[in-house]
Structures are given as structure tokens and as C-alpha cells.
Amino acid sequence: MVRIAIVEDDDACRAQLEAYVRRYGGETGVEFQITSFSDGLYIAEDYRPIYDIILLDIEMPRLDGMAAAERIRAFDPGVILIFITNMAQYAIKGYEVDALDFVLKPVGYFPFSLKLKKAVSALRARAQKDLLLPLDGGVKRVSSGEIYYIEVQGHRIIVHAESGDYVLPGALRDMEEQLEGQHFVRCNKCYLVNLRHVTDVRQNTVVAGGHELQISRPRKKEFLQALTDYFGGGGR
């Protein structure tokens with residue numbers, strides 16, 4: 001789920017942007033959680049870094065978008081900012097607060113959808129990490145996001161991914177360290193599971209990428225708690 005905030009003082013424009021986000025989500029399958037604000041002051045005041053994308057109108061009566069962005073950046077260097085403005089020259093200042101892009105009013109759906117696509121792509125790229133797998137005759141680059149799970153068999157590691165299975169020497173512990181922060185959790189001593197691909201949990205098994213894996217008794221509580229935290233946090 002992508003958490004998006006819309007900050008716009010014009011009621012009609014704010015409603016239009018909300019409709020555009022929902023339309024884009026319906027067309028692409030991206031799930032959005034939308035929170036709207038009628039002024040920059042209302043998002044900047046007591047700001048918490050819980051959003052992935054913020055759409056900011058530049059001209060607002062209490063606190064304009066640029067000033068709000070400066071306050072937000074003090075607490076949240078990672079959130080993606082996109083400015084909504086009547087005049088392109090105002091948006092150029094957005095690069096001072098590391099804005100991703102800007103949209104000119106009146107906002108049309110097609111240009112807006114391109115900016116939103118760019119923002120969602122940036123989020124996905126940030127959320128994933130590439131692994132360089134040493135294979136016979138060379139190296140294979142595999143994104144963490146496409147890995148279903150990693151299995152250990154003796155002194156060999158098998159990476160099960162969307163693009164195929166890759167066998168290489170190594171220890172599961174080493175892969176666990178490389179993938180720290182990427183939502184990989186052990187369900188037993190042999191399997192390291194990507195929570196992004198979990199589709200079902202039964203009594204003592206978990207299904208990831210269509211593969212049914214055993215959950216060991218010692219790992220069950222920790223694994224289920226990690227899965228609950230992951231989906232409770234929006235599955236990022």
C-alpha cells in the first residue's frame with residue numbers, strides 16, 4: 001500500500017486529485033491510502049513521517065507548499081514530494097527541497113498519471129535491493145523484490161525467484177545479512193521467506209510464490225509476528 005497525502009486549499013482541485021489517485025490505482029492495481037489536508041499548516045504541524053508521497057499545492061493561505069515542504073524535510077528526508085502549481089517558475093524552487101517533480105494547473109489526468117507513475121516507480125526502486133549472485137561462468141543480478149524465498153541445502157544456497165532458481169555456494173546467514181531491511185524472515189532453519197510474496201498461512205505452513213514451506217515450532221511465533229507487522233505497516 002502507498003500512503004499518499006494531498007495538500008490543497010481548493011476543495012474542487014483537492015477532490016479532483018483524490019479522484020485521479022483512485023483512478024490510477026484502479027487502472028494499475030496499486031493500492032493507495034489517501035489523506036487530505038486543506039492547508040500546508042495542517043500537515044506540517046506535528047508532522048509524522050508516515051507518508052510515501054505528498055502532493056503539495058504551492059499557494060495556500062496559512063502555510064504555502066514550499067514552507068510546508070521545508071518543515072517536512074526537517075523530519076522526513078525520504079518522502080517523495082510533488083508540487084501542484086499555477087506557475088512553472090514556482091516549481092523550480094522545489095528542487096531546493098528535493099522535490100521529485102511538479103504538476104501544472106489545471107491538472108489533467110494524463111500528465112498527472114505520468115508523475116504518479118514516476119513516484120511509484122521511485123518507491124519500488126528504493127524498496128528493493130539488487131543481489132549479485134556468483135554463478136558458474138559469471139554473475140547474475142537479481143532484485144530482492146522478485147525473490148520468493150531462499151533455501152539452504154548443505155553448503156549450497158538455492159535462490160527461488162520469479163526469473164528462475166539459482167544455486168550457489170554459501171550460508172543462509174550470509175544471505176540474511178545481505179537482505180536486512182528487505183522483509184525476509186526465516187520460517188525454519190532452512191528457509192528465508194520474502195514476506196512480499198506470502199499469500200497464505202496454514203497451521204504449520206506458509207505459501208510464498210506458490211511454494212508451500214514448513215514453519216517450525218521454534219520459529220512460528222517470531223515469523224507470524226513479523227508477517228503481522230509487515231502487513232499492518234501496509235506491506236512495504
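**Exercise 1. A hairpin**

Task: Determine which residue of E7 stands opposite Leu 133, and describe the hairpin to which E6 and E7 belong.

Solution. The model is a predicted one.
Step 1. Opposite Leu 133 one finds Lys 140 in E7.
Step 2. The strands involved are E6, residues 130-135, and E7, residues 138-143; they are antiparallel and are paired over six bridges.
Step 3. Two residues lie between the strands of this hairpin, and Gly 137 has a positive phi near 85°.

**Exercise 2. The protein as a whole**

Task: State how many helices and strands the protein has, and what percentage of its residues count as buried.

Solution. 
Step 1. The protein contains seven helices and 15 strands.
Step 2. Its C-alpha trace spans about 65 × 40 × 35 Å along the principal axes.
Step 3. A residue is called buried when its relative accessible area is under 20%. Of the 236 residues, 46% count as buried.
Step 4. The accessible surface of the protein is about 12400 Å², and carbon and sulfur atoms account for 49% of that area.
Step 5. Among contacts with a separation of 6 or more, 53% join residues 24 or more positions apart.

**Exercise 3. A covered strand**

Solution. 
Step 1. From E3 the chain passes through helix H3, residues 65-75, to E4, in a β-α-β crossover that is right-handed.

**Exercise 4. The nonpolar cores**

Task: Identify which residues touch the most other members of the largest nonpolar core, and which element supplies the largest share of this core.

Solution. 
Step 1. Nonpolar side chains tend to be buried together in soluble globular proteins.
Step 2. The largest nonpolar core has 23 residues, of which Val 21, Phe 32, Ile 53, Leu 55, Phe 112 and Leu 116 touch the most other members.
Step 3. At least two residues of this core come from each of E1 (2-7), H1 (11-28), E3, E4 and H5 (109-127).
Step 4. H5 provides the largest share, six residues.
Step 5. Beyond its neighbours within four places in sequence, Leu 55 makes contact with several residues, including Ile 4, Val 21, Ile 82 and Phe 112.
Step 6. Another core, of 21 residues, lies apart from the largest one; Ala 5, Tyr 47, Leu 56 and Met 60 are among its members.

**Exercise 5. A sheet of five strands**

Task: Give the strand order of the open sheet of five strands, and explain why E8 is largely enclosed.

Solution. 
Step 1. The order is E10-E9-E8-E12-E11, and the pairing is antiparallel.
Step 2. E10 (164-169) and E11 (184-188) are the edge strands, each pairing on one side only.
Step 3. From one strand to the next, the twist averages 20°.
Step 4. E8, residues 147-153, runs antiparallel to E9, residues 156-161, with six bridges between them. Ile 147 stands opposite Ala 161, and Tyr 149 has His 160 as its bridge partner.
Step 5. E8 and E9 form a hairpin with two residues between the strands, and Gly 154 in the turn has a positive phi of about 65°.
Step 6. E8 also pairs with E12, residues 191-194, over three antiparallel bridges; Tyr 191 is the bridge partner of Glu 151.
Step 7. Because six of the seven residues of E8 are buried, the rest of the structure largely encloses this strand.

Terms used. Residues are numbered from 1 along each chain as its sequence is written. This is a predicted model: local features need pLDDT of at least 70, side-chain atom pairs count only at pLDDT 80 or more; totals for chains, interfaces and linings use all residues. Side-chain values use heavy atoms; hydrogens and water are left out. A crossover is right-handed if, with the strands pointing away from the viewer, the path from the first strand over the helix to the second runs clockwise. Helices (H or I, at least four residues) and strands (E, at least two) are DSSP runs, numbered from the N terminus. A nonpolar core is a set of buried Ala, Val, Leu, Ile, Met, Phe, Trp, Tyr and Cys residues joined through side-chain atoms within 4.5 Å. Buried means under 20% relative accessible area, exposed over 50%, partly exposed in between (1.4 Å probe, protein chains only). Contact means heavy atoms within 4.5 Å. Two strands pair if DSSP finds at least two bridges between them. Accessible areas come from the Shrake-Rupley method with a 1.4 Å probe; for residues, only the protein chains shown count as cover. Axes are lines fitted to C-alpha atoms, for helices over the stretch in contact, and angles run from 0 to 180 degrees between N-to-C directions.
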